[in-house]
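This report walks through one protein chain. It moves from a single residue to the whole fold, then to local details.

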Amino acid sequence: MKIILKSFRIIPLLLLTIMFQACSSDDDRVVVQQPFNIVELASASPNLSNLVLALQAADGNLDVLLSGNGPYTVLAPTNDAFDTFLAQNGFASLDAVPTDVLAQILLNHVISEDITSSQLIAAGDGYAKTNADGAGGEKLSLYFNTSNGVTFNNVSSVTMGGADIDASNGTIHIVDAVIGLPNIVTHATANPDLSSLVGALTAGNNTTFTDLLSMDGDFTVFAPNNDAFSAFTNPNGNDIANVLSNHVIVGTTAISTGLSSGYQNTAAENADGDNLSLYVNTTNGVMLNGSSMVTVADVVATNGVIHIVNQVIDLPTIATFATSNDALSNLVAALQLADTGSPTVPWIGTVSDVSAGPYTVFAPTNDAFTDLLLELDPSGNTALGDLDPATVDAVLLMHVVNSNVRSMDLMSGTVPTLGGNLTLDVNTLTLTDNNGRDIGIIGSLVDIQAVNGVVHAIDTVILPNP
């Protein structure tokens, strides 16, 4: 679709004819000027005079910028659009708008690509980056949707006949509203595929989340799409508000390119008020707690970033963290092996139960289990599956404390586990079992907080009393 506003067709042609085609009286040379740039075209349209005045008044010499090489796509608000914007925000005139704010608003209408309406329609919907400043040093995202015309952030539409105005340095699309600077809530409400999330956030007229996520600050939100909410049955009967909190990281704008595998704290809490952990795995895309994948990354707002995900991230149990982190796969195998006998504790059921505990689990890494097997059989011929389930059960009991003890609460002295006592030195983060073996608590892998307890990774398997 390529619709060119009639006034823009006529005015440049007249100007080209009158001003830029000249024949020298001394020779027969003909000089033809190149087509007009974006600012020249806007200046030639009376309906965009407020835009031109705003470009001239704003910080950053934006009229000069948009006269440059580009390419740019400019979403050009009409005079009526500017009048409405001024009235809605309590400004008597353009002169009353702070020039730095005005610059950011205008830059939110500028994309550093040449994008035609046919390209937008082919995409259907999605996000583009504007030139306005967003959180985390990133540029703001702009949501477009072509299901009913061409709309931006669900607040501004391309006017009839206002698409695809060609300039020498890009394209103009005339729009019927000024596009404000979006925060996280703005982006969530603009995208129809997040309508279930918005409904959950505002259920019962509860504005706690929308108030929070509209505030200044840095937030990272993993936003489940509509299909994710449709599939979520809340099998553990968790408080929905706390489940939603488990999708929010407060205090940081985590852009996908800066994410690495590891743990983050969310706004969700356990019964003691400790913030729950979220395991991020970036081995193949971005996966959260071993189940939810980021499908659309880096929707940048003024106060943080949204990553759209394909599953609701339920409140994690100890089992969630054991099964989602490949470095703990041998621990999972040991729990399963112990359950094949007559375990003192039904391990898989217990660590998966949101109502169990709370427990503190000292979780041996895969390397710790490898070292144990060599310790038991230096020939290397013994595998984990070769061990007696009752023996494995006794070993596992040495790794569990019947309370939720975070690293800040650890004290030197006796640590009573379900299988016997250990000795802890908090200065070196070292546990000692009754076999005289030292077990190091891995400082970078402590306080992995689940809803039914906390996990601290250790570098050596603890053995029962001799």
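Is aspartate 447 buried or exposed? Aspartate 447 is buried, because its relative accessible area is 14% and buried means under 20%, exposed over 50% and partly exposed in between, with a 1.4 Å probe and protein chains only.

## Basis of the model

This is a predicted model: local features need pLDDT of at least 70, side-chain atom pairs count only at pLDDT 80 or more, and totals for chains, interfaces and linings use all residues. Residues are numbered from 1 along each chain as its sequence is written, and side-chain values use heavy atoms, with hydrogens and water left out.

## Overall form

The protein chain holds 17 helices and 25 strands. These are DSSP runs, numbered from the N terminus: helices are H or I with at least four residues, strands are E with at least two. The C-alpha trace spans about 110 × 55 × 40 Å along its principal axes. The radius of gyration is 31 Å, whereas a compact globule of 466 residues would have one near 23 Å. That radius is taken over C-alpha atoms, and the globule rule is 2.2 Å times the number of residues to the power 0.38.

Of the 466 residues, 49% are buried. Contact means heavy atoms within 4.5 Å. Among contacts between residues at least 6 apart in sequence, 65% join residues at least 24 apart.

## Surface and charge

The accessible surface comes to about 21000 Å². Carbon and sulfur atoms account for 51% of that surface. Areas come from the Shrake-Rupley method with a 1.4 Å probe; for residues, only the protein chains shown count as cover.

The chain carries 8 positive and 45 negative side chains. The centres of the two sets lie 18 Å apart. Lys and Arg count as positive, Asp and Glu as negative; His and the chain ends are not counted. Each charge is placed at NZ of Lys, CZ of Arg, CG of Asp or CD of Glu.

## Helix 3 and helix 5

Helix 3 (residues 49-57) has Asn50, Leu51, Val52, Ala54 and Leu55 buried. Its buried residues pack against helix 2 (38-43), helix 4 (62-65), strand 3 (72-77), helix 5 and helix 6 (99-107).

Helix 5 covers residues 79-88 and includes alanine 87. Asparagine 79 is also in helix 5. Asparagine 79 is buried at 14% relative accessible area. Leaving aside residues up to four places away in sequence, asparagine 79 touches Pro46, Asn47, Leu48, Ser49 and Asn50. Alanine 87, by contrast, is exposed, at 60% relative accessibility.

## Aromatic pairs

A pair of aromatic rings is described by the distance of the centres and the angle of the planes. Rings of Phe, Tyr and Trp (its six-membered ring) pair if their centres lie within 6.5 Å; planes under 30 degrees apart count as stacked, over 60 as edge-to-face and the rest as tilted. The count comes to four aromatic pairs. Phenylalanine 85 and phenylalanine 91 form a tilted pair, because their ring centres are 6.4 Å apart and their planes stand at 35 degrees. Phenylalanine 85 is buried at 11% relative accessibility, while phenylalanine 91 is partly exposed at 24%.

Tyrosine 263 and tyrosine 279 are also tilted, at 4.8 Å centre to centre and 40 degrees between the planes. Tyrosine 263 sits in strand 13 (residues 262-269) and tyrosine 279 in strand 14 (residues 275-281), so the pair ties together parts 16 residues apart in sequence. Tyrosine 279 is buried, with a relative accessible area of 7%. Ring pairs link Tyr263, Tyr279 and Phe321 into a cluster.

## Backbone exceptions

Most residues other than glycine have a negative phi, and most peptide bonds are trans. The bond from glycine 70 to proline 71 is cis, with omega near 5 degrees. Proline 71 lies in the loop between helix 4 and strand 3. The bond from glycine 357 to proline 358 is cis too, with omega near 10 degrees. Proline 358 is in the loop between helix 15 and strand 18 (359-364).

Asparagine 234 has a positive phi, near 50 degrees. Asparagine 234 lies in the loop between helix 11 (226-231) and helix 12 (240-245) and is buried at 17% relative accessibility. Aspartate 447 has a positive phi of about 60 degrees. Its loop runs between strand 23 (438-440) and strand 24 (448-450).
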